[in-house]
Amino acid sequence: TAINWPHVLTVWRETKAAIANAISQMGCAVWVGCHISHSYTTGCCLYFHFASLQLEDGEDLEVYLAGKKAAMEAVIRCGGALSHHHGVGFEHVPFMTKYVGKDGLKVFRVLKQGFDPKNICNPGKLFPAVGQEEM
């Protein structure tokens with residue numbers, strides 16, 4: 001996530017705690033880390049990492065998604081960006097409504113339609129489909 005300097009420590013604390021809480025509630029021991037990958041005069045890019053022991057076969061994806069959801073909700077709540085230089089992408093699409101709001105999505109859809117009327121650039125990787133805005 002990209003974040004302005006005044007909010008870095010808040011995002012760092014809140015996001016690490018949110019990931020740890022979400023995964024711990026699933027019964028897993030968890031490690032959460034974070035590093036600054038890019039630094040600018042106005043802020044930086046934080047990369048969060050987490051690891052845990054696996055639960056039963058097939059539940060590892062559920063653990064990951066719980067951690068990811070908790071992280072993204074904390075980042076948005078604390079004023080961070082969904083992404084830095086990698087763009088939105090399919091993993092962040094479900095969080096776009098919380099990030100830009102319903103009116104923001106309308107603006108993005110109009111712009112996308114204007115610039116890409118055949119929807120050939122990044123289909124499904126910018127915002128949720130109409131009717132799937134809520135997580």
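Reader: Patches are made of residues with over 30% relative accessible area and no salt bridge; like charges are joined within 9 Å, and nonpolar side chains (Val, Leu, Ile, Met, Phe, Trp, Tyr) within 5 Å. Which residues form the negative surface patch?

Author: E56, D57, D60 and E62 form that patch. Asp and Glu count as negative, Lys and Arg as positive, and His and the chain ends are not counted. A charge is placed at NZ of Lys, CZ of Arg, CG of Asp or CD of Glu. Areas come from the Shrake-Rupley method with a 1.4 Å probe, and for residues only the protein chains shown count as cover.

Reader: What kind of model is this?

Author: This is a predicted model, where local features need pLDDT of at least 70, side-chain atom pairs count only at pLDDT 80 or more, and totals for chains, interfaces and linings use all residues. Residues are numbered from 1 along each chain as its sequence is written, and side-chain values use heavy atoms, without hydrogens and water.

Reader: Back to D60. Which helix is it found in?

Author: D60 sits in helix 2, residues 60-77. Helices (H or I, at least four residues) and strands (E, at least two) are DSSP runs, numbered from the N terminus. D60 is partly exposed, at 38% relative accessible area. Buried means under 20%, exposed over 50%, and partly exposed in between (1.4 Å probe, protein chains only).

Reader: Ok, whole chain now. How many helices and strands?

Author: Four helices and three strands. The order along the sequence is β-α-β-β-α-α-α. Of the 135 residues, 33% are buried.

Reader: How do strand 2 and strand 3 pair?

Author: Strand 2 (residues 30-39) runs antiparallel to strand 3, over nine bridges. Strands pair if DSSP finds at least two bridges between them. W31 stands opposite A51 of strand 3. A hairpin of three residues joins the two strands.

Reader: And strand 1, what does it pair with?

Author: Strand 1 (residues 2-4) pairs with strand 3 (residues 43-52), also antiparallel, over three bridges. A2 has C45 as its bridge partner there.

Reader: New topic. How many salt bridges are there in the whole structure?

Author: Four. A salt bridge here is a side-chain nitrogen of Lys or Arg within 4 Å of a carboxyl oxygen of Asp or Glu.

Reader: What does D103 form a salt bridge with?

Author: With K106, where the closest N and O atoms are 3.8 Å apart. Both lie in helix 4 (residues 96-115), three residues apart, about one turn of the helix. D103 is exposed at 56%, and K106 is exposed at 54%.

Reader: And D116 with K112, buried or exposed?

Author: Both are buried. Their side chains meet in a salt bridge, at 2.3 Å from N to O.

Reader: Last one. Which residues make the nonpolar surface patch?

Author: V107, F108, L111 and F115 make that patch, of about 430 Å². F115 lies in helix 4. F115 is exposed, with 73% relative accessible area.
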